[in-house]
Amino acid sequence: MSEHRSLWQDAAPQEDLGPGTPPTAVDPGSQTPSLDLTEPAVLRAALEALLFVADGPVQLAQLAAAVQRPATEVAEALAEITADLDRRGAGWQLRPAATGFRLYTRERYAPIVEAFLLDGQRSKLSQAALETLAVVAYKQPVTRARISAIRGVNVDGVVRTLLARELITEVGLDPETGGGLYRTTSTFLEKMGIASVDELPSLAPLLPELDSLDLDEL
């Protein structure tokens, strides 16, 4: 535990970024009970939830702001999460990344994960995967959050499938949101039988009421 605690505390800034008052996680009028993030177990669970849904590495300052707790307190909670995952030999682990912290598949289980993902390549793409691939093709480079906004559903699983099939690839981070940017690959071009995305057909003929639509959403 001491080694993990030192690692995360070293990453914490000198000044605490979150306020000292207990935050309310939901609106007072909501039927969902508020979360007392001053409770260590609740704080750890909240951080785990944030890291699980994050598109990429999350900075300590972002986590502290999200849970409205001091950065040093968040760093200590991250160290405890790391130690717990390692102690249990969980299938994933929490590690520092170049620009923050992120959950990763534990290396010893990589062959199982790889076999599972590759097995999916033998099946046809689902309708959801085709729709997501179309969004990436026409909006690239595009973040996962943007794809979700356009399709109106969570696309995490579909994006992982497209990555595994090498139809899309991550090409850096969005400078505004920090989310990963995705674009199509040469494999996609080969499957489509085109030399570049410029040869993709226009969407205009498929949209009879084009004038009434927001072109930014296409």
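## Close-up views of a predicted model

**View 1. One side of helix α3 is buried.** Helix α3 spans residues 60-67, and its buried residues are Leu60, Leu63, Ala64 and Val67. Buried means under 20% relative accessible area, exposed means over 50%, and partly exposed lies in between (1.4 Å probe, protein chains only). The four cover an arc of only 100° around the axis, so they sit on the same side of α3; the arc is that of the directions from the helix axis to the C-beta atoms. An α-helix has 3.6 residues a turn, so residues three or four places apart point the same way. Just after α3, Gln68 takes a positive phi of about 55°. Helices (H or I, at least four residues) and strands (E, at least two) are DSSP runs, numbered from the N terminus.

A word on the model: it is predicted, so local features need pLDDT of at least 70 and side-chain atom pairs count only at pLDDT 80 or more, while totals for chains, interfaces and linings use all residues. Residues are numbered from 1 along each chain as its sequence is written, and side-chain values use heavy atoms, with hydrogens and water left out.

**View 2. Thr184 and its neighbours.** Look for Thr184 in strand β5 (residues 180-184). Thr184 counts as buried, at 9% relative accessibility. Its side chain joins that of Gln140 through a polar contact of 3.0 Å. A polar contact is a pair of N or O atoms within 3.5 Å; within protein, one must be able to donate a hydrogen and the other to accept it, and residues adjacent in sequence count only if both atoms are side-chain atoms. Leaving aside residues up to four places away in sequence, Thr184 touches Leu133, Val136, Ala137, Gln140, Leu167, Ile168 and Val197, where contact means heavy atoms within 4.5 Å.

**View 3. Glu131 pairs with Arg151.** Glu131 is partly exposed, with a relative accessible area of 33%. The side chains of Glu131 and Arg151 make a polar contact of 2.8 Å. The C-alpha atoms of Glu131 and Val158 are separated by 9.7 Å, although these residues are 27 residues apart along the chain.

**View 4. The whole protein chain.** Stepping back, we can count 9 helices and 5 strands. Along the sequence they follow the pattern α-α-α-α-β-β-α-α-β-α-α-β-β-α. Of the 218 residues in the protein chain, 32% are buried.
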